[in-house]
Structure formats: C-alpha cells, structure tokens
Amino acid sequence: MFRAAADPRPLYQSLGVGGQRPRTAHAHRRGARVRPPTLQERLSQVVTTARQIWVWLRRLGLVLVLASAAVGANKAVVWLSDPSRFPLTMVEITGDLDHIDRSALELRLLPAAAGGFFGVNVAAVSAAARDEPWVKEALVRRVWPDKLVVEIVGRRAIARWGEDGLLGDNGEVFAASVPGSADLPLLVGPPGAKPKRLFADYQRFGRLLEGLAPIREIHRDARGALRIRLADDLTIIAGRKEVTGRLQRFAAIYRSRLVGVAPPLESVDLRYGDGFAVRFKAALEPNRKIMDL
C-alpha cells in the first residue's frame, strides 16, 4: 500500500517563532481605550456627508427638470396638433400632372391631409398620392401658415406590358390607362420575365433591323423563343438561339433583295441554319419558299 509522506513541519516552528502571538491581539483583549475623534475629524466628516447630500439633490433636481420638460413638450405637441388652432386651408398640387386627374387626386389626399398644420402626417399624404398609378413620387412640405404643397413626380411609360400593364422608365410595371398608349411598343413575356431586359432587347433589335419598319411587338414565350412583329405587320420568328446573328443576316438580305417586293412579306422564319423561310401576304406566287444565304 502506498502512503503519502507527512508534510514537513515548518522551519519556524522548530525555531519557536510560530508560537508567538501578535501584540495587537494582546492589546485588544486588555480592553484598550479607543481615542475619540478630534474636532477637526468631526468637521471633516460633516463636510463629506453634506457633499454627498448635495450630489444626490442635484441628481434629483435634474430628474425633475427632465420629467417636467417631457410633460411640457407632450402638452405642447398636443396643443399644436389641434387642427382647430392651426388648420390647413389649402392643399396645392404641383409637378408632372400630364396623366393625372387633379380632382381625383385631391379627393384622395383630403383624408390624409386632415390634421392641421402641425398634426398632418406628411408621410401618409405622400403614400396616398403614390396610390395613384401615374405618381412615381410625391414630395410633401408645409408652407406657413396654412398651406400643404404636394409636388408630384410622374411616371413615364416607355412600353406596354402584357394586356393591361405599362412599363415605366425605371423598370416598374404599373396598371394604368392612357390615351394613345397603343403607340407604345407591346412587350409580352412569361411569368417571371424581366420587363426592362425585354425592353433592352427591343431597343437592340430595332438597331439591328434598321431599314425595316419599326418594331411594334415582341413576344417571348416560356422557352425564351422570340417573335417580333413590325409596324407593317411583318412577323419575324427569331427563335431563341443566335437571335442577333439571324436578325443581322435577314436585315442585310432584306435591304438588298426584298425591299419593295410585291406582294409584301407576311412573315419570315429565321430558325434555319442556312437560310430563312418567307411567307408572302398574297398567294399570287408560291406561298412559301426557302431563301439560301
């Protein structure tokens, strides 16, 4: 069995030092008298206590001042927000109102603007204005003493999107009607399509087809295949591969050999590797033939 060795005894015990007791303990047991504080010490203690009380009073006073200020500010806000004291007597609508019915917009803004000069919620007024489809942004500001000015930044439609949508210049699609919107190009894409990207294709294809009638419609199906219709009702079936090269080849041949042909073209199918199919509007000539490049 293993047994731990005993701790060695401290050396000082062997010398007799550990058995000595401190003199202070002896003095405490003897009941030594405690010296009473002097007058200077008492005054110092009184001054210290007074300083602590002063610090706490200052803190309490600061808290009371802040609380009073908060209560006063709240009462001031309530007083200023009372519409009967500072009513709004005029709502001025400015900015781009080309496609906006001013009367209808005023009726839309009235509930949000009923709050007095100080109580009106300008953010709510701006949001109410943006509910109008043609309003892109509404900047609202107060004009002393009783006027609210709403500056309208209108949308600019650059194309039609689908059956009843319009594409704005910022890429957003919004539902609105406008006289003359049929003059805008029609873009149709599958769910999830990016309208602004299709509009960029519209601009690029227009440059590629220079010399032909302007593009009126572009349809992209779910597989990505493109069908283009021009202003002279010519339909171009471009497919979904090598669209740029196909359009360039067709435009070059059209300008050199097909301009002014009679009868006019009804459609062309560019999905052939070495040519394209042409369909004429009238059936006086062979209705369909393949043109080799």
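**Packing of helices and strands in the predicted model**

Among the contacts in the protein with a separation of 6 or more, 43% are accounted for by residues 24 or more positions apart. The structure described here is a predicted model, and its secondary structure comes to 8 helices and 13 strands. Of the 293 residues of the protein, 29% count as buried.

Three of the strands were examined together as a sheet. This open sheet has the strand order β1-β3-β2, with mixed pairing. Its edge strands are β1 (90-95) and β2 (135-143), each of which pairs on one side only, and the twist from one strand to the next averages 20 degrees. Strands of a sheet pair through backbone hydrogen bonds, either parallel or antiparallel. Strand β1 and strand β3 (residues 147-154) run parallel and are joined by 6 bridges, and within this pairing T94 has E151 in β3 as its bridge partner. Helix α4 packs on the sheet, where it touches β1 and β3, and its direction makes about 130 degrees with that of β1. Helix α6, in turn, lies across β2 and β3 and runs at about 150 degrees to β2.

When its neighbours within four places in sequence are left aside, K147 is in contact with L88, M90, E92, F117, R141 and R142. Leaving aside neighbours within four places in sequence, the contacts of V153 are with W134, V135, K136 and E137. Of this group, W134 is 19 residues from V153 along the chain, and the C-alpha atoms of V153 and W134 are separated by 8.8 Å.

Two packed helices are described by the angle between their axes and the distance between the axes. The axes of helix α4 (residues 102-113) and helix α6 (residues 122-130) come within 9 Å of each other and cross at roughly 155 degrees, which makes α4 roughly antiparallel to α6. The crossing of α4 and α6 is right-handed. In this contact, L105, R108, L109, A112 and A113 on the α4 side meet A124, V125, A128 and A129 on the α6 side. By class, the residues of the contact of α4 with α6 divide into 8 nonpolar, no polar and 1 charged.

Apart from its neighbours within four places in sequence, D201 is in contact with I218 and R220.

Another strand pairing involves β10 and β11. Strand β10 (residues 235-239) pairs with β11 in the parallel sense over 3 bridges, and in this arrangement I236 stands opposite V268 in β11. Of the 5 residues of strand β11 (residues 265-269), 4 are buried, so this strand is largely enclosed by the rest of the structure.

Conventions:
Residues numbered from 1 in each chain as written. Predicted model: local features only at pLDDT ≥ 70, side-chain atom pairs only at ≥ 80, totals over all residues. Heavy atoms only, no water. Axes fitted to C-alpha atoms, helices over the stretch in contact; angles between N-to-C directions. Helix = DSSP H or I, 4+ residues; strand = E, 2+ residues; numbered from the N terminus. Parallel < 35°, antiparallel > 145°, perpendicular 65-115°, else oblique. Left-handed = near helix turned anticlockwise from the far one by under 90°. Contact = heavy atoms within 4.5 Å. Nonpolar A, V, L, I, M, F, W, Y, C, P; charged D, E, K, R; others polar. Buried < 20%, exposed > 50% of the residue type's maximum accessible area, 1.4 Å probe, protein only. Pairing = 2+ DSSP bridges.
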